[in-house]
Amino acid sequence: MNKYSIEKVYNQYSAVYDKIFGLVFENGRNEALKMISLNGSEKILEVGVGTGISLTKYPRTVDIVGIDLSKEMLEKAKERVNRYALTNVQLKIENAEEMSFQQNHFDKVIIMYVLSVTPNPEALLEKAFSVCKDGGELIIVNHFSKRKALRKFADYDFLQRVERKLGFRVYFPIEKYIQHINRMGYADVEVKTVNYGLSRIIRIKKEKKPLHAA
């Protein structure tokens with residue numbers, strides 16, 4: 001997958017995204033926002049804001065920046081922002097792997113159903129940590145799966161073709177990305193199962209592991 005094919009697929013999804021994925025992933029969105037500790041004045045980045053389906057769930061006192069690669073998805077988000085008068089929300093077209101924000105800019109970074117979509121998930125994680133303030137939080141919501149289980153139903157080459165059509169990875173092991181987060185130096189990781197077992201929430205505190213004394 002590359003950003004152009006992803007953009008094309010999600011431009012096509014824009015008209016029907018809420019109907020297809022709205023209710024299916026609603027539990028994950030609600031639980032993710034419950035897990036965020038807010039005092040009411042934070043700066044929040046939502047990566048892959050899409051149609052803005054989660055924007056009304058945040059307190060009006062926080063400042064939100066929502067980014068997405070798809071212009072058509074963002075147009076739907078703008079309609080939602082205007083409909084609900086969400087004056088605390090800004091929307092921008094951005095490639096999540098190449099975000100233009102300064103380091104340590106946001107108190108919370110929310111990545112909902114995007115990690116398995118982006119061409120380089122590790123690059124997205126590293127960029128997300130860089131724009132999050134020290135002591136801040138990252139919340140990731142995504143489906144995760146194992147190749148062994150999927151091979152009961154189809155061979156891997158077929159799954160890769162399906163992924164290109166769907167616009168997201170079908171095989172997506174959670175262990176791989178938690179290990180990557182740990183290698184970056186972050187050990188405060190919490191995982192919760194949502195969407196009736198289909199998805200996981202990963203909450204990470206941006207605090208480096210203490211160095212062990214020699």
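A residue is called buried when its relative accessible area is under 20%, exposed when that area is over 50%, and partly exposed in between, with a 1.4 Å probe and protein chains only. This is a predicted model, in which local features need pLDDT of at least 70 and side-chain atom pairs count only at pLDDT 80 or more, while totals for chains, interfaces and linings use all residues. Residues are numbered from 1 along each chain as its sequence is written, and side-chain values use heavy atoms, with hydrogens and water left out.

Begin by selecting F129 and Y186, both of which are buried. Rings of Phe, Tyr and Trp (its six-membered ring) pair if their centres lie within 6.5 Å, and planes under 30 degrees apart count as stacked, over 60 as edge-to-face and the rest as tilted. Under this rule there are 2 aromatic pairs.

Next, select F101 and F106, whose rings form an edge-to-face pair with 5.1 Å from centre to centre and 85° between the planes. F101 counts as buried because its relative accessibility is 14%, and F106 is buried too, with a relative accessible area of 2%. Returning to F129 and Y186, you will find ring centres 4.3 Å apart and planes at 0°, so this pair is stacked.

Now select L45, which, leaving aside neighbours within four places in sequence, is in contact (heavy atoms within 4.5 Å) with residues including V65, F101, F106 and V131. L45, V47 and V109 have the most contacts inside the largest nonpolar core, which has 30 residues; such a core is a set of buried Ala, Val, Leu, Ile, Met, Phe, Trp, Tyr and Cys residues joined through side-chain atoms within 4.5 Å.
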